[in-house]
Amino acid sequence: MKNLTKSLSMLISITVLSAWTFRFTKPSIFRGGEANNMIDEFALYGLDESLMIVVGSVKVVLAILILLGALKFSVLLIPSAAAMMLFMAAAVYFHISVGDGLIPTIPSASMLISCLLVILIESKILVKKKS
């Protein structure tokens, strides 16, 4: 289970860091509506650029904390995955609110599920207790 946690944590971190750094200004099939970049996408959802900067900054920090939690400082993993899960739930909500189909919603939904799995595994909810 430890390897699964590390793998999911790496997936979450790499995906989020990728979206908020080198893919920030690039079009993608995963963007909401007809947005061509992150600024357009936030505008589509009725959110301004200052909020986008705050959300992006927090998500990047959380992605780094998740990575650090998985690799070295396990105490960071559950709280940072829980916070990231809330951001991903909001992302899923915004995709649904503008009528996005399945494809644009997949990344945030899969990151939400990945964060939930990390939390459940790390809190020992999904791990069998030895008799």
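Predicted model: local features only at pLDDT ≥ 70, side-chain atom pairs only at ≥ 80, totals over all residues.
Residues are numbered from 1 along each chain as its sequence is written, and side-chain values use heavy atoms, with hydrogens and water left out.

**View 1. The largest pocket and its lining residues.** A pocket is an open set of points on a 1 Å grid over the protein atoms alone, where a 1.4 Å probe fits, with protein on both sides within 12 Å along at least five of seven lines; lining residues have an atom within 4 Å of a point. The volume of the largest pocket is about 550 Å³, counted as the space filled by probe spheres set on the points. Its lining comprises 27 residues, and Trp 20, Glu 41, Lys 59, Ala 91 and His 95 lie nearest the centre.

**View 2. Helices around the largest pocket.** Helices are DSSP runs (H or I, at least four residues) numbered from the N terminus. At least two lining residues come from each of helix 1 (2–20), helix 2 (38–44), helix 3 (49–71), helix 4 (77–97) and helix 5 (102–122). Helix 4 supplies the largest share, six residues.

**View 3. The salt bridge between Glu 41 and Arg 31.** Side chains of opposite charge can pair when their charged atoms come close. A salt bridge is a side-chain nitrogen of Lys or Arg within 4 Å of a carboxyl oxygen of Asp or Glu. One is found in the whole structure. It joins the side chains of Glu 41 and Arg 31 at 3.1 Å, N to O. Because Glu 41 lies in helix 2 and Arg 31 in the loop between helix 1 and helix 2, the pair ties together parts that are 10 residues apart in sequence.

View 4. Ser 114 counts as buried, at 7% relative accessibility. Its side chain reaches the backbone oxygen of Ser 110 at 2.8 Å. Leaving aside neighbours within four places in sequence, Ser 114 is in contact with Leu 8, Leu 11 and Ile 12, where contact means heavy atoms within 4.5 Å.

Definitions and conventions: Buried < 20%, exposed > 50% of the residue type's maximum accessible area, 1.4 Å probe, protein only. Polar contact = N/O pair within 3.5 Å; in protein donor to acceptor, adjacent residues only side chain to side chain.
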